[in-house]
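I opened my notebook to keep track of what I looked up here. Come along if you like.

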Amino acid sequence: MKKSTFGPWLAMILGAAYFLIPLIGTLEFSMRMKRGVYSFEAYKVVLGDPRFQESFSYSVMLALVTIAIGVLLVVPTAYWVQLRLPKLRPVVEFVTLLPLVIPAIVIVFGYLRMYNSQSWLPLTDTRRGTDLLLAFGYVTLALPYMYRSVDTGLRAIDVRTLTEAAESLGAGWATILFRVIFPNIRSAILSGAFLTFAIVIGEFTFAALLDRPAFGPYLQLVGANRAYEPAALAIIAFVVTWACMGLIQVFGAARGTGSKS
Amino acid sequence: MSEPSTATVRHAGGSGLPWAWFGVAPFFLFAVLFLILPTAFLIVGAFQTADGQFTLQNLRDLTHPSIVAAYRISIEISAASAIGGAIIGALLAYAAVGGGLPGWIRPTLMTFSGVASNFAGVPLAFAFLATLGRTGLVTWALSTWFGFNLYATGFNLLSFLGLTLTYLYFQIPLMVLILTPALDGLKKEWREASQILGASTFQYWRWIGLPVLWPSLLGATLLLFANAFGAVATAYALTGSSLNIVTILLYAQIRGDVLHNQNLGYALALGMILITGVSNVAYIWLRGRAERWSR
């Protein structure tokens, strides 16, 4: 079949230009802080800012808590649905897709109405309570991705045989879950975890409206008041996102070659 | 369906017994507490007056010109970035899947799309300000090298066009990610068979390619629409509160009750849920139709 590759090449080049030019533009802009010369001054200023360090480590902590809650919630559920309640699968899938239907700003609005200081469960009264609410909010935001990832992982292994083998050796449910199922879908859990991390680390709406000192609101604040630092922060955020996606690829590839039966 | 194994025999009728449901209880408890009830609270609030009486006045108040305008601009920007993203994303995906390009192009595009579709929010706004803002690289390059003053043409990054252009940065990659599997579903044999029967490229697409692909295309476009419609951070970081879109209005309402009526705020949220809900239901329905061909 004679086929010109001119069109496809043109599409790729235009696409690459659209996606690379803003990155180059941001990088160039971030290095313009010192007059006349390119320097990493903006990065030095940003990385040395104590509020950067505080908000970034706050968001990292929050991401880790979110991942822990998310994994403990999603893996047993997906496992149990696969093993015992396959009829429930469409319902569970529907629920996990709801965060894509309901905009994040609406969910957090609901939190503020439901968990405020006059409510039956005044989570927003204390800082720890608000942190917890924020983590729960992030678990819902990450739910579609975490569930997809874990469910795909579970489908690739023989859950029933593994469970029966473990049961016949006298394992309890905790042993089955943590020492049989978890290790077998480790790469799927890690994919979900890195994606969750990428979502949580720069999230703005939830953190700003719950008034917590996370990285997203810090970014916004710097953006409103500074010229060159925001560009440096954008590059840093891009590198973090890139690292998360790269790690997913690495672990995904490991799964592809490792468990080929 | 499958043979009953020892486990299912031992727990005969296990899925009907109530105790089997305890395994999913934490998940549903979580979903009810942090997803369904908060949303339900807002929906109920949309039909109440400040002192809890039932009313439809809040919904009527949504027809206030400034609120209607906010919805309209949101819908326009979301539609423009969804349709633009869908067309460009589909072309890119097609070029990578069926364009006869070298093998490394496709995985590179997919990885990059994974990154770019997640590179949204505040940092994305910074990137576009540094590129197309008044002192941005592209603005500068155009005026220095071509003597073309972008901002003299009336272009403004903090506008409809600017926001749409920025949204495309995560919309196009998302389309690539969604559509590539669907394009893989177009079987080579169909193309060959149509060619043997003398069909032109146009006829192939008109009678085979597009009829198979349209549910995927339209469904993905709807998903992109909902994706842009709910976005807050990018628009807020880019324009502050100068652009009257519905998410920014709602953000201001949550922060400081700018509508001077809490319950009208709930109605505003209800309107958003309805719009994203309809487009997502349509997406799920279309995906069901698209899957008929992938078996």
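My entries below cover the contact between two chains and then one residue.

Entry 1, ground rules. I worked with a predicted model, in which local features need pLDDT of at least 70, side-chain atom pairs count only at pLDDT 80 or more, and totals for chains, interfaces and linings use all residues. Residues are numbered from 1 along each chain as its sequence is written, chains are lettered from A in the order in which they are written, and side-chain values use heavy atoms, without hydrogens and water.

Entry 2, the interface. I found 78 residues of chain A in contact with 82 residues of chain B (heavy atoms within 4.5 Å). The two chains bury about 7,200 Å² between them, with 78% from carbon and sulfur atoms; buried area is the accessible area (1.4 Å probe) lost on putting two parts together, summed over both. On chain A's side, A:Phe19, A:Phe109 and A:Arg113 give 11% of the area buried against chain B, more than any other three residues.

I looked across the interface of chain A and chain B, and the rule finds zero (a side-chain nitrogen of Lys or Arg within 4 Å of a carboxyl oxygen of Asp or Glu). Helix α1 (residues 6-30) of chain A brings 15 residues to the side touching chain B, the largest share; helices are DSSP runs of H or I, at least four residues.

I placed B:Trp285 in helix α13 (residues 262-291) of chain B. B:Trp285 counts as exposed because its relative accessibility is 55% (exposed is over 50%, with a 1.4 Å probe and protein chains only). B:Pro215 lies 70 residues from B:Trp285 in sequence, and their C-alpha atoms are 8.9 Å apart.

Notes
Helices (H or I, at least four residues) and strands (E, at least two) are DSSP runs, numbered from the N terminus. Buried means under 20% relative accessible area, exposed over 50%, partly exposed in between (1.4 Å probe, protein chains only).
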